[in-house]
Every structure is written in structure tokens, then in C-alpha cells.
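My entries follow in the order I made them.

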Amino acid sequence: MVFSSVLGFPRIGANREVKKAVEAYWAGKITADELKKAASETKKYNWSNLKAKNVDFIPSGDFTLYDHVLDHSAAFNVIPERYTKSKLSDLDIYFAMGRGRQADGVDVPASEMKKWFDSNYHYVVPEFSEKTKFELKFNKAVEEFKEAKAEGINTRPVILGPISFLVLGKADKEASSGFEPINRLNDLLPVYVQLLKELKDAGAEWVQIDEPILVMDSAAGLAKQYASAYSQLAAVSPKIVLATYYGRLDSNLDFVAKLPVAGLHIDLDREPKQLEPTLAAIKSTNIVLSLGVVSGRNVWKNDFLASIKLGQKAIEELGQQRVIVATSSSLLHIPVTLASEKKLTAEQKDWFSFALEKAEEVAILAAVLSGSQDANVAAALEANKKSIDARRKFESTSDDAVRKRVAATTDADLHRKNLFPKRWEAQKSHLDLPKFPTTTIGSFPQTKEIRAARLKLGKGELTQQEYDDFIKKEIELVVRFQEKVGLDLLVHGEPERNDMVQYFGEQLNGFVFTQNAWVQSYGSRYVRPPIIVSDVSRPGPMTVKWTSYAQSLTKKPMKGMLTGPVTILNWSFPRADISKEMQSKQLALALRDEVIDLEKAGIHAIQVDEPAIREGLPLRRVDWDAYLTWAVDSFKLATAGVKDETQTHSHFCYSDFNDIFPSIQRLDADVISIEASKSDMKLLKAFNEFGYSNEIGPGVYDIHSPRVPSEQEIKDRIAEMIKPIPGHLLFINPDCGLKTRGWKETEAALANVVAAARWARQTYA
Ligand code: MET
Ligand SMILES: [Zn+2]
């Protein structure tokens, strides 16, 4: 019999219960016990629903109040001293590590957050040093296993494997130079041994150990560590299924297939081609193969016939008892259930599967592959075939004009008329900016009033006219403030935008929006990515009205503000039937028209943000070039249509851009702004190494905190920046948009920015 399995479930609750509870706890509105109770409710919801869907391997221990990697650090006592000094409760230490804490005399910043592989989920980076004292402070895996058992549900606990845990971490400030977290593997393993023993004693038959770094090039050098770690663990553990996901094992398969594990999980949604080599590698072992055929990364309904084919192939080689059907990864990237969507049409609903529906999919697939004669299973199979056929039919009705236009783009469309030095001259006289021009990244504080107005418009309590008048007032406020404080290149402040992707998606053809399809981005921050369902085109201008209104209020130049094609794509659920490249180019052409319309409307500086360009980078280095080529080309396609004297900007933040710096240069934006102060000016290393020829504004202060940077601090940053960057190419701006800030600190901070820029003009005249 073929079993079914779900690797992990969304931990946010069907109606964002966990966010609400966690935030209520932070605000002091509920106690730790009440928070625990709320968490239990969501866990129960998950377990009982998975059971009701007939999933055989139901995960436990995958739940978290903030981040699963942080859970692990806290449980294993990987807690930097700065958090333990203050005698907070364990729970408050945990949250302090996640989000920092400034209360009751405690003032600690949050730990670093990083993007989780190639997703928009962020994990809290563990910090290790020689001094880290590993110890099992609490056994979350056992506790949740027992908690589920008490509900009558037998689960398969999930833990993050020791090698991924170390490799995903970093050396802390205490560590001596040259220290690598992986050096501590032998000290860490006894804690895993203890954890797994306890799990076995508690009656767990299986345990899922996640080692996602096995799909990365960097794991290739860790064969020895894997062999020794897993032989120690397997000796005491419940049966281990080693889970890999988001990519392919490639040559790492050579050593993975030899590990003493009972099961191996591979991602066949992303990498179906790895089935054959994996089957060949494990055929002569006893390893059970878990086939990750149901996507944990996208919301499209599974194509049962395609999955069944893969399953049958595996069964031919291994026999039914050695095959499991599973989700490709945890479903943490997927909204909880389609049942909450009341506004999608019946046709649209039939295209998608969210987490609960995906759980049902793995169960049905397992039944089919087990040879079930159940009438319900047969009906489900038939229904799936119908849905997939209907979707294919819809997909075949492409927008010919868009397709033709993409096909007809030429190299010339990707290039500005002249090279940067010539454009620079033209822009200098056209825009008339001083040296060290000051600007901001686009958004200004999204106040309560702005959000309330948007809500009222949605509910019909404000007419469109009333809402537009309100937005106009907001824009005027922002413009007047910028004039008063003395900024040089102004923005309109983006008050009309709910979200930098959604705002554009809603105005473009080809997108579908959900009401309740939230997914966790980090901690209690959830996002609701739009879904691209068909060819993308622009019915009409999207930003021209507001930008020209803003320009009409002032003599200073106004910068238009757009979200770039690659970022819109990476922050949406893309189509699965055509390439991302194709979708990106369609978006690029829509934006190109917008850019040109802005230029025609008299806007001489236009910013096209690409903060998500880094996170789409493939996990394997051999795949980088292909991605970067189309990603860079898309940006160029969107922006290169303007005249020399129109200044193009782009913006990047909160990712490590150093390794793709040459590609950022290739975008050939006239000006880029890039978050730099939060990452301690690491970026300057890249300038030294690669150089940068166009204009650039490394952020001079962190916008994620209400703290106001002093004038001196900003001057110091400018003094740092001017070493690698020629002064005439330097812009002065904050790290990122100001939408999450209040007005008070914004006013004070920008006044200091302007003062520091004036100082720079004199000092580096
Ligand atoms: C995450 S990047 C944000 C850029 C956008 N223009 C803003 O200022 O908010
Ligand atoms: Zn940003």
C-alpha cells in the first residue's frame, strides 16, 4: 500500500488566528497561557483536518509562533548572550530574538533575518560560536507529538536536521575569525541524539528530518559530515525520513543514497527529472522514497495523471510498500483553504488547491496508486481530469497581441539610445539637481487615516470621488513636507497603494486576487500574493494620474514610482503552464508603456523597484545565468524606452546583493538606491570589488526602527561611501520606503538627511 504524507502545514490558522494571538500577547492583551491555548487550537485544527482528509503521515512539531528555525535555536539553547542577560521569560527571550525588544529597560535588536531558500519566507538566522553550549532546553518535537496523541492523532514529528541548522546559521560576534558553525557538529549531535531517543520512547515510529541544504551546491563538500551524523542519529532514532526540497540533489545523491536512513523525500514538483537517478541510486537499498509531487510552492491543482505516472514508475522499481506520495515541501508557502474564498468564480476556484485541498490530493493519489477500487476515489480522479482539461483549455486561449509583442521584442528594445555618460549630461541640465541630491525611496507613512479611507472605499462608505480627494490631500501633504524639509527629488508618497505588487496587479489584466489567502512572510507578517492566471497586459495608465498631480503641485522634479516586472512576478503565484521568463516579459512590456506614459506626462525621473530580484535566484549556481539574463532583460525592457534626459532609477533592499552585483550594473538604471545601513555597509565591499559606473544611493539609515539617525551618523556614512564611490555619482537617501514609519520620526530623520547632504556639498565641493 502506498502511503500519503504532508511535510508541514501552514501555521497561521485558517483565519490568521496565530497572528492575532501573537500580536495580542505582544501588546500585553493576553497572557502566555492564553497564547499557548490559541496555538493549541490551530495545531488541533491542522491535525484533525489532515486526519479527516486521510493523510497517513501527519506532521507535528512544524507549528511555530514565529519561525521554525528560531524554535530550533531556542530549544537547543543557541541563544546569544545579549538576549539572556535581561532575565526575561523564555517566551519573551524567544520573541526578543525574533523581533528585538525595547521595553522595561531592555534594549536588544532583533537577530538577522534571511530569505528561506528561494522563497519570500524569512527565517531567523541562528548564531553560533565556540562558546555556544548546546543543550535540549525543551523538546518541542516530543511535546507536540504527545499533544497530538492526546487528541487521538498519531503524527510524524518534523525537525530541522543538524547540518542544515548549522549551515543556515552564522558565526556570532563572539566567534574567533575563521570559525564555521559546521565545526560544532560533533557537539551538537548529542542533543539531537537525546531528542530522538525521547521521541522514540514517546512512541514515534517515524521522524521527518529536514535537510534542505542538500539541494544546494554547498552541501557537496559535506558528505563525510552527513555520513557520520546520520549513522549516529539512526542508531537511536525512530525511522528517519530525510527530507530534501525546493530543488534537486544532483551529485549529492551519491552520498545521500548511502545514508542509513529509512526514507528519503525528494521534490518532484520542481525537479521531476530527479526521479530516475534517485530510483537507480536507491533501488538496491531498503530506502522508502517519498515522492514530492504535490506542489508546496504554488497554488495550482495537481495534475493527477502526471503524478500517477511518476508514482507508477517508482512502484515499478521499488514496489508499493517503498513508495509514499507527498507534498513537495512543507505547505507553509500556501494559503490554508480555498473554502475561505467567496469571491473567486467557480471556474477560477476549480483551478486551485490550497493547503487543505492539497492534503486531500496526496491522499487520493496514494489511494489510486494503491489500486483502490473505492467509488469516491474514482470520482475524484475523474473530477480532477475534468478540472485539468478545463484549465488547459483556458490556457490555450492566449492573448495573441501580447504574445506577438513579446516575440517581436528585439535587442534594440533593451538598450537606451546612448550610454550612461551621455545620458548623465542630458539629465544634469534637465533635472537640475544639486550635487549629492537627496531623495526618498517612494512611500511615506501609511497612516491609520489612509488605511481607514481605503477600507471605507472598499465597503462603499466613501465614494470614489471622496477617496480620490482624500488621496490628493495626502499627496499634497507629502509634497509640501518635502519642499519644506529641502529634499531635491520628490515623490508622491504612494498613499493610494495597499501594497506595491497588489496595486499593479489589480490594474493589469491576467491577475486574480483572493480574500483570505494569506501566507507567512516572517513572524506575524503575512502577505496575500496575487495569482497570475493568464497573459498580462495593461488596459490603461496605472500611476500617471497621481504622479502628474503631484508634479503639478511643485517646481521641483517629481519621481514616478513603479514596481518592476521581476518583483511583481516573484511576489505573486506564477502560472505553471508558461515559463517565468515569458510572464516576466509580459509584465515588462506593460510597465514599459507605463514608463513612457509617465515620460509623456512630463515626469523626468522614473523609479522601477526590483527588491525581489535576488530571491528569485536559482538555488544551483549553474542555473543562475539563465535567470539573471531574463531578469535583467525584463527590467531593461521595462525601462529602456525613454529619452536620454529621462532619469531611470531602481531600488533594492534586504537581500545579499553582492553576488549578483554585476547583474545590477547590467540593468543600466541611471540611478540605483540600495539598502545598506542595515547590512552594515557590506555592500561597499562590492563597490570596491566590482566598481559601479552609474549613479547610486546606498541607504544612509535603517527605516525599520522608529529611531532617528543623528546628523553626525549620516555624515559618517557619507564619508564611508565616498571612499569607493565618486562624489558626483552619489545620491543621499534612506534604506527603503517609509510606509511603516510614523510622521514624527520621518520628519526628524529626513531633516538630518538634508543637513548631512548640505554638509557633503561643502565638504566635498
Ligand atoms: C520593498 S522596496 C519598497 C519600495 C517602494 N517604492 C517603497 O518606497 O515603499
Ligand atoms: Zn526597499
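**Entry 1: Trp206**

I looked up Trp206 and found it in strand β10 (residues 206-210). Helices (H or I, at least four residues) and strands (E, at least two) are DSSP runs, numbered from the N terminus. I note that this is a predicted model, in which local features need pLDDT of at least 70, side-chain atom pairs count only at pLDDT 80 or more, and totals for chains, interfaces and linings use all residues. Residues are numbered from 1 along each chain as its sequence is written, while chains are lettered from A and ligands numbered from 1 in the order in which they are written.

The cut-offs are 20 or more other C-beta atoms within 10 Å of its own for a buried residue, 12 or fewer for an exposed one, and partly exposed in between, with C-beta atoms placed from the backbone.

I then listed the contacts of Trp206, leaving aside neighbours within four places in sequence: Phe57, Arg156, Pro238, Lys239 and Val241. A contact here needs C-beta atoms, placed from the backbone, within 7 Å. Arg156 is 50 residues from Trp206 in sequence, but the two are 5.6 Å apart in space, C-alpha to C-alpha.

**Entry 2: the whole chain**

I find 28 helices and 23 strands in the chain. The radius of gyration is 27 Å, close to the 27 Å that the globule rule gives for 765 residues, so the chain is as compact as a globular protein of that length. That radius is taken over C-alpha atoms, and the rule is 2.2 Å times the number of residues to the power 0.38. The C-alpha trace spans about 75 × 60 × 50 Å along its principal axes.

Of the 765 residues, 50% are buried. Among contacts with a separation of 6 or more, 78% join residues 24 or more positions apart.

**Entry 3: α23 and α24**

I took the helix pairs next. The axes of α23 (residues 580-600) and α24 (residues 624-639) come within 7 Å and cross at roughly 20°. Axes are lines fitted to C-alpha atoms, for helices over the stretch in contact, and angles run from 0 to 180 degrees between N-to-C directions. The angle makes α23 roughly parallel to α24; under 35 degrees counts as roughly parallel, over 145 as roughly antiparallel, 65 to 115 as roughly perpendicular and the rest as oblique.

In α23 the contact includes Ala588, Leu591 and Val595, and in α24 it includes Trp630 and Leu637. I sorted the contact residues into eight nonpolar, three polar and three charged. Ala, Val, Leu, Ile, Met, Phe, Trp, Tyr, Cys and Pro count as nonpolar, Asp, Glu, Lys and Arg as charged, and the others, Gly among them, as polar.

**Entry 4: α27 and α28**

For α27 (residues 711-721) and α28 (residues 743-763), the axes come within 9 Å and cross at roughly 45°. That makes α27 oblique to α28. The residues that meet include Ile714 and Ile718 of α27 and Val753 and Trp759 of α28. I count seven nonpolar, one polar and two charged in this contact.

**Entry 5: α19 and α21**

Last, I checked α19 (residues 464-485) against α21 (residues 544-552), whose axes come within 10 Å and cross at roughly 45°. That makes α19 oblique to α21. Lys472, Ile475 and Val479 of α19 meet Trp546, Tyr549 and Ala550 of α21. The tally is five nonpolar, no polar and one charged.

Methods
Two residues are in contact if their C-beta atoms, placed from the backbone, lie within 7 Å.
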